[in-house]
Amino acid sequence: MDGEEGGQEDATVFAIMDLSNGRVALKAEGLFLCAEPDGRVTLSRTACATWESFLLAEPPSVFQPNVLRHSNDLVRLAVKHGVDKWGSHWYAQHYHNHFSPYRDQKLSLLEIGVGGYDNPNAGGGSLRMWEEYFPSAIIHGIDIFDKQPHERGRVKIHQGSQFDEDFLRSVFKDAGSFDIIIDDGSHINAHVIKSFEVLFPLLSNNGIYAVEDVQTSYWPEFGGNSDDLDSNGTIVGFFKSLVDSLNYEEFIKPNYQPTYFDKHIVSIHFYHNLIVILKGSNDEGSNILRNNERV
Ligand SMILES: C[S@@+](CC[C@H](N)C(=O)[O-])C[C@H]1O[C@@H](n2cnc3c(N)ncnc32)[C@H](O)[C@@H]1O
């Protein structure tokens with residue numbers, strides 16, 4: 001099951017158990033094969049919940065262990081809408097883990113980058129994917145090119161640059177709030193950092209901000225570099241510097257004035273090419289210090 005050549009010899013034989021909703025459970029030696037939320041597959045449980053089930057890429061009659069698909073619903077929707085958040089990148093599993101508790105809420109989601117560049121009719125796949133994944137949400141898409149043909153249903157389109165602060169504020173004024181923001185736009189380091197500096201304060205309390213394709217942090221043509229990995233001017237370097245904000249209450253610095261990011265970032269998740277930042281009130285307090293001084 002590790003997908004490497006030669007692994008077939010040791011492959012466990014699974015009984016396929018139909019769960020009647022198009023999904024199957026796979027059982028071997030009294031244990032169920034489970035798709036874990038973090039993307040791993042384990043042979044670990046004696047009972048199988050629906051989310052631990054699988055979709056077979058082929059009918060059961062031609063089943064091979066290595067054609068399993070994770071039953072994560074966002075993975076299915078990414079494939080359905082032709083979105084590279086699964087297949088080319090592997091973001092859908094992480095998004096599902098962060099977003100699934102909020103799926104049925106009346107959210108406002110903003111994605112920077114509609115896709116398809118200067119062809120007005122091209123792109124839009126991820127907006128449709130989010131519209132289907134969040135059945136009560138309003139989905140806002142920003143693109144520097146005209147993407148008006150994609151405005152239908154619960155999807156709203158705004159034309160402008162993610163590097164233009166006035167434009168970003170006008171989108172927020174129109175939307176009223178953002179609960180989730182996803183940056184999949186230019187991937188230029190300065191643009192991504194600027195958009196975060198403008199938009200993160202406008203995100204709802206307990207909102208989620210995601211930045212995709214942060215590999216451009218290392219690529220000079222996008223303003224990145226592969227040598228100074230802690231540079232504040234690169235996407236990954238910038239977000240690495242915010243890790244210390246999580247612990248600002250532990251700095252021994254009398255009269256320290258916390259920044260907005262210190263007070264409002266409660267966790268930062270680094271994945272391959274994807275960063276997810278959770279907003280909240282970062283005010284648990286130190287167990288030793290008061291106001292950045294020992295008492
Ligand atoms: C990678 S595509 C987005 C793909 C889409 N999010 C998806 O998952 O299907 C990037 C998009 O960002 C747009 N873009 C490029 N520079 C931009 C900028 N400065 N501001 C806003 N959008 C920009 C491009 O026109 C392009 O359509």
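## Helix packing, cores and ligand shell

With 25 C-beta neighbours inside 10 Å, L74 counts as buried, the term applying when 20 or more other C-beta atoms, placed from the backbone, lie within 10 Å of a residue's own. The model is predicted, so local features need pLDDT of at least 70 and side-chain atom pairs count only at pLDDT 80 or more, while totals for chains, interfaces and linings use all residues. Residues are numbered from 1 along each chain as its sequence is written.

L74 lies in helix α1; helices (H or I, at least four residues) and strands (E, at least two) are DSSP runs, numbered from the N terminus. Not counting residues up to four places away in sequence, L74 touches A92, Y95, H96 and Y133, contact being C-beta atoms, placed from the backbone, within 7 Å. L74 and N97 are 23 residues apart in sequence and 9.7 Å apart in space, C-alpha to C-alpha.

The axes of α1 (residues 73-80) and α3 (residues 125-133) come within 9 Å and cross at roughly 145 degrees; axes are lines fitted to C-alpha atoms, for helices over the stretch in contact, with angles running from 0 to 180 degrees between N-to-C directions. L74, L77 and A78 of α1 meet M129, E132 and Y133 of α3. By class, this contact of α1 with α3 has 5 nonpolar, no polar and 1 charged residues, where Ala, Val, Leu, Ile, Met, Phe, Trp, Tyr, Cys and Pro count as nonpolar, Asp, Glu, Lys and Arg as charged, and the others, Gly among them, as polar.

Two further helices have these buried residues:

| Helix | Residues | Buried residues |
|---|---|---|
| α2 | 92-99 | A92, Q93, H94, Y95, H96, F99 |
| α5 | 189-199 | N189, H191, V192, I193, S195, F196, L199 |

The cover over the buried residues of α5 includes β7, α4 (165-175), β10 (178-183), β11 and α6 (235-243).

The largest nonpolar core has 53 residues, and A78, L109, W130, I180, I181 and I235 have the most contacts inside it; such a core is a set of buried Ala, Val, Leu, Ile, Met, Phe, Trp, Tyr and Cys residues joined through C-beta atoms within 7 Å. Strand β11 (residues 203-212) gives the most to this core, with 5 residues. A second, separate core of 10 residues includes V24, F32, L33 and C34.

The ligand is surrounded by 23 residues, the closest being G113, G115, S126, D184 and S186; a residue is counted if its C-beta atom, placed from the backbone, lies within 6 Å. Elements giving two or more residues to this shell are β7 (108-112), α3 and β8 (138-143). By class, the shell has 8 nonpolar, 11 polar and 4 charged residues.

Conventions. Contact = placed C-beta atoms within 7 Å. Buried ≥ 20, exposed ≤ 12 C-beta atoms within 10 Å, placed from the backbone.
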